[in-house]
Amino acid sequence: MNAQLQPTGSAYFITRETESHERRTLAILVDNEPGTLARVIGLFSGRGYNIDSLTVSETEHERHLSRITIVTRGTPHVLEQIKHQLERIVPVHRVVDLTTVAVERGHDRPLERELALVKVSGAGDARVEALRLADAFRAQVIDANTEHFIFEITGRVSKIEQFIAIMTPLGLVEVCRTGVAAMNRGAEGM
Amino acid sequence: MNKTASEPRGAEPAKGEMTGAEIVVQALRDNGVEHVFGYPGGAVLPIYDELFQQEDVQHVLVRHEQGAGHAAEGYARSTGKAGVMLVTSGPGATNAVTALQDALMDSIPLVCITGQVPTTLIGSDAFQECDTVGITRPCTKHNWLVKDVDQLAAVMHEAFHIAMTGRPGPVVVDIPKDVQFAKGRYTPPQTAPRPSYQPRVQGDLEQMKAAVAMLREAKKPIIYTGGGVINSGPEASHLLRELVELTGFPVTSTLMGLGAYPASGERWLGMLGMHGTYEANMAMHDCDVMLCIGARFDDRITGRIDAFSPNSRKIHVDIDPSSINKNVRVDVPIIGDVGRVLEDMVRLWRATAHSDKSALEPWWQQIDAWRARDSLAYKPNDDVIMPQYAVQRLYALTRDRDPYITTEVGQHQMWAAQHFGFERPNRWMTSGGLGTMGYGLPAAFGVQIAHPDALVIDIAGDASVLMTMQEMSSAIQYNAPIKIFILNNQYMGMVRQWQQLLHGNRLSHSYMESLPDFVLLAQAYGAHGIRCEKPGDLDAAITEMISIDKPVIFDCRVAALANCFPMIPSGKAHNEMLLPDEATDEAVANAIDARGRELV
């Protein structure tokens, strides 16, 4: 599993990870009640797991169910633990590893989309260029005056990253991102 | 554990409305609670007022909230019921945290009710306010802040259900003071639990068949059991004994699982792990099939993970799916309640053809050779009481009284585990996972409350016992005749042992200067004090201790520099144990090599 370092002169064993990290997207269905999100986040911080992205919203109002989407990284062993530890939380109904399911169904990865609001200010050529590039990225202008634009852009994480990188020299002021929403292709549910 | 608390007693039909405090007490009654360990304060006074006006639930007053927690743990572990504690807001809740984490790590069902400032004051930094659910979230199985009195009954019942079922654990119900006063509707315990919480109790049949087939082929099998067997109830211990009898396999256990298989049983190898016996650890290392039942491959058990039982196929039975493959990869995972799985496996074993026990002969010969190494041996001494000798004499003089043993944490704990024989489950209460010094005295108090006529002994160390010594006062108040048997070496012995091993024998702050006179201390509490300094006086002194019908503090002066062996030094595998006859000063100093020390 992991390489064991030589005796450390402590009561514990120190391990060094030798397995490579994988990126996974998890969908977690939970009871929407106070403390549930804190429990999920506390699990990640308390056990030293990574969170690259986290989104949450109530998705079934009648049953008070929320869906949390977490993008995480870890060795296969850690990722298995993350899933089991999440399932142990009392208000957690289901944990689905969307990445694994996607591969099982013959896809590369699940559908993942993120929304970002990007504020760019400037004048002259830079302003024209920002608007032209936004159009190329199919970003919408949702607010503007003579000195700024706010663009709304939706897409894969890589697209958003690229858009922000391009806007940086053109007068980028502020960015707000939702984090990843994810779902698998096909007729079946999660 | 599947069983819920004992049958609801003749509860009055819920008619009309009750106050929140009445709801709490009614819910305790309906969940079969007879004793609550607690300490009053401003934010729980309405519940205390309600307790005062009834006689079904007895409140047991402690001297510190940590003591309430450990007492409730001892109560739970010796009865199989949930332990219940009641504390106030703020410092009451924060003092309970150590006991909650202790119960979490040892999977003990503990229901902790905390008072909270009124809902309108939450978040205002009110007097004795703290974020109880926030603080206790990582150290409970689940917790609740009840803001609506109409939810209170349902939450109380769910709290007991969650504490007792699946992998048991601690829960906290935080109740603001205004909710305790408010009137609401009482609902009796519901049988339908929440959909998201459905612990799996029945093992997968195919996996169990695969496990039995694997066991049948084994030439060098071992059964490694843990606290899960105890938690599953007495029937699980019974089934374990049946399985061992049928198969003729050797059996070892973690610290938590002692008593599930009797120490006098012929297949017993003793405890395994860092201070386990040579035969248990060697058998673990060399086995070809390992059956792990209700244990979790803790780091004190495995030693070096990459050298842990390298040639075995492993079967792991556990009720908690997250325990599977957490530290050690297993070949056949079986998720379910230990009792149910054992029942099925015994049935499957019987159903298939009889195996030939003689095939295990070479394995048993090997084990007997390891046994002959006598790894628990120590040098007897006529002038000074050896701590191992003290535990052996205590065992010899009390074993026919079916005693309940608790411990603190340290060398004395390991000596108790090595030298005291446990014949039955629920007789051994020790802080295994968290290693809480100060656990044993209040735990013994809790055990004695549950079993007023039993002999309850806390095998203690001089350092640990001072951490919760104030609970002697509780023992006196409730006529709980607990026996505090202190192996007094005037050191934090285990700390010193590690300093000798790892830190060049520089004994930094591990010497207990200015210890109290434990005999006078006993007298100050109104208890009985005994001091014993000579091996020749020990039997008479222990007999005196047993005969006294009130709390006793026994100051057993033992060899100051004795160390706890055998031992797997850090970074070593099971087959690299340091044995007592090899543990010279030089061997101890060099057990962990220089390169290892530099890494610290």
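Q: Among contacts in chain B between residues at least 6 apart in sequence, what share joins residues at least 24 apart?
A: This is a predicted model, so read it as such. Counting contacts by sequence separation is the idea here, and in chain B 77% of those between residues at least 6 apart join residues at least 24 apart.

Q: How many helices and strands does chain B have?
A: Chain B has 23 helices along with 20 strands.

Q: And why call chain B as compact as a globular protein of that length?
A: You hold the radius of gyration against the globule rule. For chain B the radius is 25 Å, close to the 25 Å that the rule gives for 600 residues, so chain B is as compact as a globular protein of that length. Its C-alpha atoms fill a box of roughly 70 × 60 × 50 Å along the principal axes, and buried residues make up 56% of the 600.

Q: Over to chain A: which domains does the assignment give?
A: Start with the bounds: domain 1 of chain A covers 3-104, and domain 2 covers 111-182. Taken over C-alpha atoms, their centres are 31 Å apart.

Q: How many residues of the two domains are in contact?
A: Look at each side in turn. Eight residues of domain 1 of chain A are in contact with six of domain 2.

Q: Which element gives the most to the domain 1 side?
A: Elements giving two or more residues there are β3 (22-31), β4 (53-60) and β5 (65-74) of chain A. β4(A) gives the most, with three residues. By class, that side of domain 1 has four nonpolar and four polar residues, with no charged ones.

Note on methods: Residues are numbered from 1 along each chain as its sequence is written. Chains are lettered from A and ligands numbered from 1 in the order in which they are written. This is a predicted model: local features need pLDDT of at least 70, side-chain atom pairs count only at pLDDT 80 or more; totals for chains, interfaces and linings use all residues. Helices (H or I, at least four residues) and strands (E, at least two) are DSSP runs, numbered from the N terminus. The radius of gyration is taken over C-alpha atoms; the globule rule is 2.2 Å times the number of residues to the power 0.38. A residue is buried if 20 or more other C-beta atoms lie within 10 Å of its own, exposed if 12 or fewer, and partly exposed in between; C-beta atoms are placed from the backbone. Two residues are in contact if their C-beta atoms, placed from the backbone, lie within 7 Å. Domain bounds come from an automatic or database domain assignment. Ala, Val, Leu, Ile, Met, Phe, Trp, Tyr, Cys and Pro count as nonpolar, Asp, Glu, Lys and Arg as charged, and the others, Gly among them, as polar.
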